[in-house]
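Trainee: I have some labels to check with you. Can we take them one by one?

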Amino acid sequence: MQATDTNSGRAVYWGTGRRKSSVARVRLVPGNGKLTVNGKEGDLYFQFNPNYLGGIKAPLETLGLENEYDILVKANGGGLTGQSDAVRLGVARALCQLDPDNRSPLKTEGYLTRDPRAKERKKYGLHKARKAPQYSKR
């Protein structure tokens, strides 16, 4: 969904990403490639981990737009891995709002696919979701 920023009149593109119990609301704003997560600089928030930061900027790099848009994120729930994957999905969805032609290259790279894996619930009679008590014959 495209909206206009009331303060600057710039175009803003929104995307929401989810992974496990993490939710990331992503805004793409024309800028110079800066990442801000929950008011902190992206490098600090994701602890300078190249796996997290590289994954987040991967959809922009696929389209060659890494230095043209700032990424503003509100992320909550889960851990850093889930949040970084949620941000990546949100960025990819926002890029689809930017231009519908971006959908095809992002889809082939797998950036528009929501990862359905989540923690399985614990069942009664078991220690964890599948771990059973130790069996003893006598």
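Mentor: Start with Gly90. At 0% relative accessibility, Gly90 counts as buried. Gly90 is found in helix H3, residues 80–98. This is a predicted model: local features need pLDDT of at least 70, side-chain atom pairs count only at pLDDT 80 or more, and totals for chains, interfaces and linings use all residues. Residues are numbered from 1 along each chain as its sequence is written, and side-chain values use heavy atoms, with hydrogens and water left out.

Trainee: What makes Gly90 count as buried?

Mentor: Buried means under 20% relative accessible area, exposed over 50%, and partly exposed in between (1.4 Å probe, protein chains only). Gly90 has 0%, so Gly90 counts as buried.

Trainee: Why is Tyr52 called buried?

Mentor: Its relative accessibility is 17%, so Tyr52 counts as buried. Phe46 is buried at 0%.

Trainee: What makes the pair of Phe46 and Tyr52 tilted?

Mentor: Rings of Phe, Tyr and Trp (its six-membered ring) pair if their centres lie within 6.5 Å; planes under 30 degrees apart count as stacked, over 60 as edge-to-face and the rest as tilted. The centres of Phe46 and Tyr52 are 5.9 Å apart and the planes are at 55°, so the pair is tilted.

Trainee: How do you know which kind of pair Tyr45 and Phe46 form?

Mentor: Look at the planes. They stand at 85°, with 5.1 Å centre to centre, and the pair is edge-to-face. Tyr45, Phe46 and Tyr52 form one aromatic cluster.

Trainee: Why do Glu120 and Arg130 count as a salt bridge?

Mentor: A salt bridge is a side-chain nitrogen of Lys or Arg within 4 Å of a carboxyl oxygen of Asp or Glu. For Glu120 and Arg130 the N to O distance is 3.1 Å. Glu120 and Arg130 both lie in the segment after helix H4 (103–109), so the pair ties together parts that are ten residues apart in sequence. Helices (H or I, at least four residues) and strands (E, at least two) are DSSP runs, numbered from the N terminus.

Trainee: Which other residue does Glu120 bridge to?

Mentor: Lys123, with the closest N and O atoms 2.4 Å apart.

Trainee: Why is Arg130 called exposed, and Glu120 partly exposed?

Mentor: Arg130 has a relative accessible area of 67%, so Arg130 is exposed. Glu120 is at 35%, so Glu120 counts as partly exposed.

Trainee: How many salt bridges does a search of the whole structure find?

Mentor: Five. One of them joins Asp115 and Arg117 at 2.8 Å. Arg19, Asp85, Asp115 and Arg117 are linked in a network of salt bridges.
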